[in-house]
Amino acid sequence: PILATSRASSEFTAEFTIKGDAAGDLKEQTADNYEVGMRAEFFNKRITIDLAGYLIKMQDEFVSYNPGGGAPSVTNNAGESESRGLEVGLGLKPLDWVSLNIAYSYAVHEYERYRVSQTVNYNGKDKPSAPRHNSNIRLDVKPPFLPGSDIELERIYRGEYWLNDANTAEYNGHTLWNLRASYNWKDVTVWVHCLNLLDEQYAFSASKSGSDPASYTAGDPKTIFGGLTYK
């Protein structure tokens with residue numbers, strides 16, 4: 001088991017700009033990070049397990065607030081926020097030519113104290129663009145009847161998340177499949193990648209400000225790449 005802790009801070013006192021947002025005098029931002037983890041291997045590395053848990057306590061975190069309606073965004077301090085989560089990695093190798101790797105994370109990112117004004121209070125709200133569930137699964141096959149070949153099927157899952165600090169608009173998340181294949185013969189390698197195999201419509205990013213409609217950046221449709229390498 002490995003236990004790690006750290007503390008970080010950054011301070012600005014003059015007027016400045018963060019990511020294009022207007023900002024006045026800000027308090028010092030600090031973070032206390034705690035993490036514990038373990039790794040284990042079984043049956044001559046046929047099974048591997050990685051576990052990690054973490055807690056991040058933020059004080060006076062720099063956040064961007066946009067009331068909408070064309071008003072500019074303003075960077076200010078959220079009094080206190082907390083992020084806590086669990087990450088799990090599992091590797092399985094039932095055969096020499098087959099491997100399965102699974103990664104999963106569960107995380108909660110919340111404002112514990114964040115009052116924008118006398119009428120706007122985000123205490124207890126989830127931070128936007130922060131899904132609680134994420135996972136990645138990869139199946140890799142190197143068929144023994146076709147030496148030099150490698151085929152990988154990948155599943156990426158991004159869970160639902162809030163689009164705004166008020167937690168009134170939500171993105172439903174998405175699941176993507178990718179397929180990659182390569183073949184090596186002597187000095188030549190041929191490869192093909194098919195990303196978003198099922199041509200899923202999804203948002204690469206999404207957000208919402210005040211009363212404005214939600215804004216989405218569309219993810220790529222099904223895309224096929226191919227190449228040849230000669231040495």
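Predicted model: local features only at pLDDT ≥ 70, side-chain atom pairs only at ≥ 80, totals over all residues.
Trainee: Let's start inside. Which residues make up the largest nonpolar core?
Mentor: Eight residues do: Tyr161, Leu163, Ala169, Tyr171, Leu176, Tyr202, Ala203 and Ala206. A second, separate core has six residues, including Val63, Tyr65, Tyr111 and Tyr114.

Trainee: Back to Tyr171, what is that one in contact with?
Mentor: If you skip neighbours within four places in sequence, Tyr171 is in contact with Glu160, Tyr161, Leu163, Tyr202, Ala203 and Tyr216.

Trainee: Switching to charges, how many salt bridges does the structure hold?
Mentor: There are 17 of them. Take Asp96 and Arg46, whose closest N and O atoms are 2.7 Å apart. That pair links distant parts of the chain, 50 residues apart. Asp96 is in the loop between β6 and β7, while Arg46 is in the loop between β4 and β5.

Trainee: Is Asp96 buried or exposed?
Mentor: Asp96 counts as exposed, because its relative accessibility is 59% and the cut-off is over 50%. Arg46, at 30%, is partly exposed.

Trainee: What does Glu82 pair with?
Mentor: Glu82 forms a salt bridge with Lys57, with 2.8 Å between the closest N and O atoms. Glu82 sits in strand β6 and Lys57 in strand β5, 25 residues apart. Both Glu82 and Lys57 are buried.

Trainee: And Glu154, which residue does its side chain meet?
Mentor: Arg138, in a salt bridge of 3.0 Å from N to O. Glu154 lies in strand β9 and Arg138 in strand β8, so the pair ties together parts 16 residues apart in sequence. Glu154 is buried at 2% relative accessible area, whereas Arg138 is partly exposed at 34%. Elsewhere, salt bridges with shared partners join a set of residues into one network, among them Lys57, Glu82, Arg84 and Asp126.

Trainee: New topic: what's with the phi of Phe43?
Mentor: Phi of Phe43 is near 50°, a positive value in a residue other than glycine. Most residues other than glycine have a negative phi. Phe43 is in the loop between β4 and β5, and at 65% relative accessibility Phe43 counts as exposed. Asp199 also has a positive phi, near 55°, and is in the loop between β13 and β14.

Trainee: Last one: where is Thr30 found?
Mentor: In strand β4, residues 29–42. Thr30 counts as buried because its relative accessibility is 7%, and buried means under 20%. Its side chain makes a polar contact of 2.8 Å with the side chain of Gln59.

Notes. Residues numbered from 1 in each chain as written. Heavy atoms only, no water. Helix = DSSP H or I, 4+ residues; strand = E, 2+ residues; numbered from the N terminus. Buried < 20%, exposed > 50% of the residue type's maximum accessible area, 1.4 Å probe, protein only. Polar contact = N/O pair within 3.5 Å; in protein donor to acceptor, adjacent residues only side chain to side chain. Core = buried A, V, L, I, M, F, W, Y, C linked by side-chain atoms within 4.5 Å. Contact = heavy atoms within 4.5 Å. Salt bridge = Lys/Arg side-chain N within 4 Å of Asp/Glu carboxyl O.
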